[in-house]
Amino acid sequence: MSQSRELIVRAARRLFAEHGYSSVSVRDVAAEAGVSASLVMKLVGSKAELFSSSVEFAPDEQDLSHPVDRLGHELVRSVVGRLGSDGPEPLARAVVLALPAPDIEQVRSRFHAAYAVPLAARLGGGDTAEQTAEMVVATVVGLAVSARVLGLLGDRAHDEDLVERYGAAVQLIIDRGGASGGSH
């Protein structure tokens with residue numbers, strides 16, 4: 001990827017994640033990247049193509065190496081840890097990206113592949129693991145969106161009691177799903 005195109009895609013990724021598809025123009029991306037709008041169009045194409053090129057989910061926020069019998073708590077701990085930072089919350093960002101997306105199915109598919117698929121594999125694979133993984137991801141996304149976007153939980157969003165209580169709820173979903181990923 002050319003250096004200019006990389007700058008453009010990185011700028012688009014940040015702007016779309018912060019403001020959503022509808023609120024970002026090609027000119028906004030060009031200004032952020034320090035290039036002309038015509039160069040953006042030449043290198044990336046339409047606004048929809050720019051969005052498609054920039055949408056990615058990095059599941060490295062989701063550490064699945066923990067023992068399965070503590071995985072729910074650790075997934076919640078990870079979200080709670082990010083809530084205290086000024087950085088983006090990737091799970092909440094998914095909602096911001098999906099709602100106004102020109103191709104919502106593309107965002108859904110990428111999100112599913114980044115979060116639910118690896119978790120289902122960690123839980124042993126198969127239909128039950130996939131359903132369990134989707135339920136876990138939905139529950140953890142609910143926490144991220146509730147705290148970061150809706151401002152629920154206030155100061156309690158960083159509380160160890162929240163990790164234990166919410167983690168126990170997520171862990172119950174995992175345990176009831178019959179995870180066979182072992183505790184290694």
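1. The structure discussed here is a predicted model. H73 belongs to helix α5, which runs over residues 71–83.

2. The surroundings of H73 deserve a description. Leaving aside residues up to four places away in sequence, H73 touches V163, E164, G167, A168 and Q171.

3. The average pLDDT of the protein is 86, and 93% of the residues score at least 70. Helix α9 (residues 160–176) has the highest confidence, with a mean of 95, whereas helix α6 (residues 90–98) has the lowest, with a mean of 80. Where pLDDT is low, predicted coordinates should not be read in detail.

4. The next points concern charged side chains. Side chains of opposite charge can pair when their charged atoms come close. The count for this structure comes to eight salt bridges.

5. Which residue forms a salt bridge with E74, with the closest N and O atoms 3.3 Å apart? That residue is R77. Both R77 and E74 lie in helix α5, three residues apart, or about one turn of the helix. R77 counts as partly exposed because its relative accessibility is 29%. E74, by contrast, counts as buried because its relative accessibility is 18%.

6. R77 also forms a salt bridge with E164, where the closest N and O atoms are 3.8 Å apart. R77 is in helix α5 and E164 is in helix α9, so this pair ties together parts that are 87 residues apart in sequence. E164 is partly exposed, since its relative accessible area is 32%. E164 is also among the residues that H73 touches.

7. A further salt bridge joins the side chains of E105 and R108, at 3.6 Å from N to O. These two residues lie in helix α7 (residues 104–122), three residues apart, about one turn of the helix. E105 has a relative accessible area of 48% and is therefore partly exposed. R108 is likewise partly exposed, with a relative accessible area of 48%. Elsewhere, salt bridges that share partners join R70, E74, R77, E160 and E164 into one network.

8. Helix α7 also holds Y115. Is Y115 buried or exposed? Y115 counts as buried because its relative accessibility is 2%. The C-alpha atoms of Y115 and L91 are separated by 9.3 Å, and the two residues are 24 residues apart along the chain.

9. The aromatic residues form the last topic. A pair of aromatic rings is described by the distance of the centres and the angle of the planes. Searching the whole structure gives four aromatic pairs. In one of them, the ring centres of F16 and Y21 are 5.7 Å apart and the planes stand at 20°, so the pair is stacked. Both F16 and Y21 are buried.

10. F16 has another aromatic partner in F51: the pair is edge-to-face, with 5.1 Å from centre to centre and 75° between the planes. F16 lies in helix α1 (residues 3–19) and F51 in helix α4 (residues 47–54), so the pair ties together parts that are 35 residues apart in sequence. F16 counts as buried because its relative accessibility is 1%. F51 counts as buried because its relative accessibility is 0%.

11. F16, Y21 and F51 form one aromatic cluster.

Technical notes: Residues numbered from 1 in each chain as written. Heavy atoms only, no water. Phe/Tyr/Trp six-rings, centres within 6.5 Å; stacked < 30°, edge-to-face > 60°. Buried < 20%, exposed > 50% of the residue type's maximum accessible area, 1.4 Å probe, protein only. Helix = DSSP H or I, 4+ residues; strand = E, 2+ residues; numbered from the N terminus. Contact = heavy atoms within 4.5 Å. pLDDT = per-residue confidence, 0-100. Salt bridge = Lys/Arg side-chain N within 4 Å of Asp/Glu carboxyl O.
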